[in-house]
Amino acid sequence: MRNYLRVFILLFLVCVILILILKWTAVRRFLVNLRGGSRETASLIRALPFDVIRERSPRDLYDLEKKLTPTQILIPDIAASPRGAPVGKYVRVSVVVEAWDRRSAEELRANQGRLATLILDSLQKFPYRKLETRRGFLELKKTITQRLAFFYGDKIRDISVVQFEIREAKR
């Protein structure tokens, strides 16, 4: 009987420790958000192999631009108000377009303004309500990819959204 009691106490302690560890991570996340959590919508992006930019700063985009290969083009800070967005709400994205080779990359760099216009147009036509979910964000990325592929399909290898924010204009 003593052996069963010892095993029970040992298993009970292990369970309590596991529960405390799991709860502590949840409590810590709550405290971080309570102290100074951003009032903006959190980024839902996993744009490997790039770093996910959590807080917007010019330094982050500058650091990212230094990491790009010669076949990658950064199109930074495209802001637009999606279709059906409440007054003052807008979306800001930064996109990295990867070309198949250097020659295609140079041609895309020369047309960087057109690429930005296509992304801007895609953002403006996309419904705002869909952007509030991860699935909606993935639909937006697919829409941007299809739109760019339609015009530059043979030159573009991949598209990554490296920054995505839903913000409210200051009044």
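Two strands are taken to pair if DSSP finds at least two bridges between them, and helices (H or I, at least four residues) and strands (E, at least two) are DSSP runs numbered from the N terminus. The model is predicted, so that local features need pLDDT of at least 70 and side-chain atom pairs count only at pLDDT 80 or more, whereas totals for chains, interfaces and linings use all residues. Residues are numbered from 1 along each chain as its sequence is written, and side-chain values use heavy atoms, with hydrogens and water left out.

Three strands form an open sheet in the order β1-β2-β3, with antiparallel pairing. Strands β1 and β3 stand at the edges and have a single partner strand each, so one side of each lacks a neighbour in the sheet. From one strand to the next, the twist averages 15 degrees; axes are lines fitted to C-alpha atoms, for helices over the stretch in contact, and angles run from 0 to 180 degrees between N-to-C directions. Seven bridges join β1 and β2 in the antiparallel sense, and Ile73 is found opposite Val97 of β2. Helix α4 packs on the sheet, where it touches β1 and β2, and its direction makes about 40 degrees with that of β1.

The 14 residues of α4 should span 20 Å at 1.5 Å a residue, in agreement with the 20 Å between its end C-alpha atoms; the expected span is 1.5 Å times one less than the number of residues. Residues are classed as buried under 20% relative accessible area, exposed over 50% and partly exposed in between (1.4 Å probe, protein chains only). In α4, the buried residues are Leu115, Leu118, Ile119, Asp121, Ser122 and Leu123, and they pack against β1, β2, α3 and α5. Ser122 has a relative accessible area of 4%. With neighbours within four places in sequence left aside, Ser122 is in contact (heavy atoms within 4.5 Å) with Leu140, Thr143, Ile144 and Arg147.

The loop between α4 and α5 contains Phe126, which counts as buried at 6% relative accessibility. Residues touched by Phe126, not counting those up to four places away in sequence, include Pro82, Arg83, Gly136 and Leu140. Although Phe126 and Ser81 are 45 residues apart along the chain, their C-alpha atoms are separated by 9.2 Å.

For helix α5 (residues 134-152), 19 residues at 1.5 Å each should span 27 Å, and the separation of 26 Å between the end C-alpha atoms agrees. Gly136, Phe137, Leu140, Ile144, Leu148 and Tyr152 are buried in α5. Viewed down the helix axis, the buried residues fall within an arc of 125 degrees, so they line one face of α5; the arc is that of the directions from the helix axis to the C-beta atoms. Arg135, Lys142 and Phe150 are exposed on the other side of α5. The cover over its buried residues includes β2 (89-99), α3 (102-110), α4 (112-125) and β3 (156-168).

A nonpolar core is a set of buried Ala, Val, Leu, Ile, Met, Phe, Trp, Tyr and Cys residues joined through side-chain atoms within 4.5 Å. The largest such core has 29 residues, and Val93, Leu108, Ile119, Leu148 and Phe164 have the most contacts inside it. At least two residues of this core come from each of β1 (72-80), β2, α3, α4, α5 and β3. Apart from this core lies another, of five residues, including Leu64, Leu68, Leu74 and Val96.
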